Amino acid sequence: MKHVFIAGATGYLGRHLCAEFHANGWHVTALVRSKSKVTDLPADRIVEAEATWRETLHGIMQGIDLVVSALGITRQADGLSYWDVDYQANLNLLDEAVASGVTHFAYAHVLHADRMSHVPLVAAKSAFVRKLQTAPISHTVIAPTGYFSDMSDFFDMARQGRVWLFGSGQLRINPIHGADLAHATRQAIEAGETWLDVGGPDMFTHEDLAKLAFDSLGKSPRITHLPDWTRRLALRVIPHVTPRHISGPAQFFLSAIGLPMTAKPHGTRHLDAFFESKAQQAD
């Protein structure tokens, strides 16, 4: 039996990665910050460590064949920055993997990172990827278009009565469910791929997403288009007028929403079902 070590195991993607590898015959070791907060995680072994503290990782990857890291933060909190977590913590994991004789390291990155180098979150992730690509270990980088959970922003606006779009609303995206992304990740690793741009099975414009959200709620669409210069202006202003736990995610969102986020389709799960499930929970 092969052994996989999953970092970021309690996050949205991490839980799906644990389930995917466990269901396909791998022995799963999950890295968590606190065992006391873990419930129903599909893992054979749970280890507690703080990846930002290199010394806590010593020896925990013995006997591991593969490390898959979905470790990262959206909001900079608890005194930790993107450079502390998305870069340094992953570098600590990589160094321990190399020292422990792990043969492969996979990492969840961001699609079109090269076009978002000005975004702190993406800059930190990209710096780690450069380290991974030159490390003495085989690797796979997974670059998804966006998660279904990210599309909740459209749903939440629709539930409040109006969706605000930048520009024409015709930029396209094919977001992917976490379970489908985990499946594509395992397949890419087992096939020896070094890089995979990956999206879900259905293509949408931003306007399509807004209409789908309203439809799931049984509401008539109310959509307002803002000129795209307002998005670009917000990108310049937000870092100077908001705290970093707000400006960081906002910079990423405003940058990604200004790009076409499409990649080769994978998976079988559809966004309309995801929105309908959210609508039922909201009732």
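Analyst: A cavity is a set of grid points where a 1.4 Å probe fits but cannot get out. The model discussed here is predicted.

User: How many cavities of 30 Å³ or more does the structure hold?

Analyst: Rolling a probe the size of a water molecule over the atoms shows where empty space is left. In this structure there is one cavity of 30 Å³ or more. The volume of the largest cavity is about 40 Å³.

User: Which residues line the largest cavity?

Analyst: The lining of the largest cavity is made up of Leu13, Leu17, Val68, Ala106, Tyr107, Ala108, Ile142 and Thr185. By class, seven of these lining residues are nonpolar, one is polar and none is charged.

User: Which element gives the most to the lining of the largest cavity?

Analyst: Strand S5 gives the most, with three residues. Helix H1 (12–23) and S5 each contribute at least two residues to this lining.

User: Let us turn to aromatic rings. How many aromatic pairs does a search of the whole structure find?

Analyst: A pair of aromatic rings is described by the distance of the centres and the angle of the planes. Searching the whole structure gives eight aromatic pairs. In one of them, Phe105 and Phe128 lie 5.9 Å apart, centre to centre, with 55 degrees between the planes, and the pair is tilted. This pair links distant parts of the chain, as Phe105 belongs to strand S5 (residues 104–108) and Phe128 to helix H3 (residues 120–134), 23 residues apart. Phe105 and Phe128 are both buried.

User: Why is the pair of Phe148 and Phe274 tilted?

Analyst: Planes under 30 degrees apart count as stacked and those over 60 as edge-to-face, with the rest tilted. The planes of Phe148 and Phe274 stand at 55 degrees, with ring centres 5.6 Å apart, so the pair is tilted. Here too distant parts of the chain are linked: Phe148 sits in the loop between strand S6 (138–144) and helix H4 (152–160), and Phe274 in helix H9 (residues 271–282), 126 residues apart. Phe148 counts as buried because its relative accessibility is 2%. One aromatic cluster is formed by Phe148, Phe155, Phe274 and Phe275.

User: How many salt bridges does the structure hold?

Analyst: Side chains of opposite charge can pair when their charged atoms come close. The structure has 10 salt bridges. Asp86 and Lys125 form one of them, with 3.0 Å between the closest N and O atoms. The pair connects distant parts of the chain, namely Asp86 in helix H2 (residues 82–99) and Lys125 in helix H3, 39 residues apart. Asp86 and Lys125 are both buried.

User: Where do Glu207 and Lys211 lie?

Analyst: Both are in helix H6 (residues 206–217), four residues apart, about one turn of the helix. Glu207 counts as buried because its relative accessibility is 16%, whereas Lys211 is partly exposed, with a relative accessible area of 42%.

User: In which helix do Asp228 and Arg232 lie?

Analyst: Asp228 and Arg232 lie in helix H7 (residues 228–241), four residues apart, about one turn of the helix. Their side chains meet in a salt bridge at 2.8 Å, N to O. Asp228 counts as partly exposed at 26% relative accessibility, and Arg232 counts as partly exposed at 41%.

Definitions and conventions:
Residues are numbered from 1 along each chain as its sequence is written. This is a predicted model: local features need pLDDT of at least 70, side-chain atom pairs count only at pLDDT 80 or more; totals for chains, interfaces and linings use all residues. Side-chain values use heavy atoms; hydrogens and water are left out. Rings of Phe, Tyr and Trp (its six-membered ring) pair if their centres lie within 6.5 Å; planes under 30 degrees apart count as stacked, over 60 as edge-to-face and the rest as tilted. Buried means under 20% relative accessible area, exposed over 50%, partly exposed in between (1.4 Å probe, protein chains only). On a 1 Å grid over the protein atoms alone, a cavity is a set of points where a 1.4 Å probe fits but cannot get out, and a pocket is an open set with protein on both sides within 12 Å along at least five of seven lines; lining residues have an atom within 4 Å of a point. Grid points are joined across faces, edges and corners, and a volume is the space filled by probe spheres set on the points. Ala, Val, Leu, Ile, Met, Phe, Trp, Tyr, Cys and Pro count as nonpolar, Asp, Glu, Lys and Arg as charged, and the others, Gly among them, as polar. A salt bridge is a side-chain nitrogen of Lys or Arg within 4 Å of a carboxyl oxygen of Asp or Glu.
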